[in-house]
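Here is a friendly briefing to keep beside the viewer. Take a look at the structure below, then read on for the ligand site and a few backbone details.

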Amino acid sequence: MSFLSTPLRQHITAISEQNDTPFFVYDLDALYAHLKPLTEQFVVKLWYAVKANPLSKVIQTLDKAGFDFDVASSGELDQVLRQGVAANRVLNTGPAKSKKQIQHFLSQGVRTFVAESLNQVAWLNQAATEHQVQLRILLRVQLRWPDGEKNPLGGDSLTPFGLGLEEWQQLRIQDYPALNFVGLHIFQWGNMLSTEKLAELWSQMITPLTNLAEQLGFTCQILDLGGGLGIPYTTDADRLAWPKLVDALATIKAAAGVEELWMELGRYAVGEIGHYVNPVVEQKLNYGEHQLIVAGGINHVLRPAVTNQAFPGELLRQSSAPSQDFLVHGPLCTALDSLGKHSLPEDINEHDWVVFSQCGAYGYTESMPFFLCHELPAEYVIEQGQVVCVRKSQNAASYLV
Ligand SMILES: Cc1ncc(COP(=O)(O)O)c(C=O)c1O
């Protein structure tokens with residue numbers, strides 16, 4: 001099975017004929033077709049987690065499809081505002097909200113924040129008082145399960161995202177008159193491909209969360225379940241069905257008794273529409289293994305090195321040669337630069353390109369582009385059937401000082 005439709009393969013082939021270095025292609029037509037049905041329901045309000053892919057054309061497509069925007073830095077905020085999105089459609093999550101960043105967000109008109117520490121609550125209140133505004137605040141909760149009970153999160157590792165129940169219980173909401181405490185946020189899972197598992201996980205969060213809101217003395221009007229909806233990285237993996245998910249979310253919303261359910265989607269929103277297209281440098285046989293060296297690696301797509309999960313790869317050219325397993329390596333002088341094991345036609349050679357799919361989320365901007373001074377990849381979009389280059393490839397002289 002291929003991740004490339006015939007027209008997409010034709011577009012990518014045409015682009016490859018004008019390039020000799022790696023490039024990304026984002027199919028905005030496929031993106032819009034995927035996103036539009038997601039917003040056509042009344043159960044969950046959807047935000048786009050901009051960190052997944054902050055490309056302007058991607059943000060514009062999410063905007064057109066009816067998403068609002070979750071940003072985690074001043075850079076992401078400015079990028080969203082530059083696309084003509086109003087600040088009242090922006091939510092700020094993230095563990096590092098400095099006083100300076102909070103000032104910037106308030107001066108730009110953002111009024112909705114997920115607070116992740118007691119300091120953030122105090123600093124948001126102080127800045128809101130100075131600006132003479134009221135802010136909507138959701139508290140981000142990090143849950144742990146008592147010893148001996150089945151832990152739905154599969155582990156109790158400490159993260160900087162939010163605070164535990166005991167820590168939040170110290171909060172006296174009456175001390176922060178510029179803040180309206182409207183809800184709770186929880187997100188401690190990732191790339192989930194089973195609706196049943198997600199529903200089970202979410203349902204176990206409800207009691208501790210509603211108890212916390214009651215103890216703190218506010219009505220939990222909004223429950224934000226973050227992201228974590230997965231996409232398949234292999235052709236045989238399961239796939240989430242949106243209508244089934246919406247049914248599960250409706251059950252959670254009713255059980256939690258909240259007026260609004262929110263999610264900020266990253267991977268599920270944009271992951272499937274990006275492709276990373278990579279020239280082959282050579283193949284070689286080494287200790288009996290077939291190795292394929294390609295021009296771009298974790299300098300452009302870091303994710304395989306941090307998750308140990310490859311993006312699915314296939315040969316761009318059609319070949320009738322039998323396939324064999326290749327270990328695919330990028331150009332960096334570290335063994336970490338592995339793009340995984342892939343079954344590819346045995347006649348693959350230095351005139352070929354490998355296309356890695358499912359690279360629309362956590363691709364280029366999550367990577368380490370300067371290491372070893374290779375070219376920065378070009379970025380192309382396909383919009384209304386037309387290919388447009390939105391960023392040309394740049395060589396190292398353009399960024400080295
Ligand atoms: C607060 C928050 N919400 C949503 C997301 C998006 O998650 P996903 O890409 O799994 O949808 C992230 C990702 O890190 C996040 O930090």
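Tyr-362 lies in the loop between β15 (353-356) and β16; strands (E, at least two residues) and helices (H or I, at least four residues) are DSSP runs, numbered from the N terminus. This is a predicted model, in which local features need pLDDT of at least 70 and side-chain atom pairs pLDDT 80 or more, while totals for chains, interfaces and linings use all residues. Residues are numbered from 1 along each chain as its sequence is written, and side-chain values use heavy atoms, with hydrogens and water left out.

**Ligand contacts**

- A polar side-chain atom of Tyr-362 lies 2.5 Å from an oxygen atom of the ligand.
- Glu-264 places an N or O atom of its side chain 2.4 Å from a nitrogen atom of the ligand.
- At Gly-228, a polar backbone atom is 2.8 Å from an oxygen atom of the ligand.
- The protein buries 87% of the 400 Å² that the ligand exposes when taken alone (Shrake-Rupley method, 1.4 Å probe).

**Ligand shell**

- The ligand is surrounded by 13 residues (a heavy atom within 4 Å), and the closest are Gly-228, Glu-264, Gly-266, Arg-267 and Tyr-362.
- This shell divides into four nonpolar, four polar and five charged residues; Tyr counts as nonpolar, Asp, Glu, Lys and Arg as charged, and Gly as polar.

**Backbone and hairpin**

- Asn-191, in the loop between β7 (179-185) and α8 (195-216), has a positive phi near 45 degrees.
- Most residues other than glycine have a negative phi.
- β16 (residues 378-383) and β17 (residues 386-391) run antiparallel and are joined by five bridges (strands pair if DSSP finds at least two bridges).
- Val-381 has Val-388 in β17 as its bridge partner.
- Two residues separate β16 and β17 in this hairpin, and Gln-384 in the turn has a positive phi of about 50 degrees.

Conventions. A polar contact is a pair of N or O atoms within 3.5 Å; within protein, one must be able to donate a hydrogen and the other to accept it, and residues adjacent in sequence count only if both atoms are side-chain atoms.
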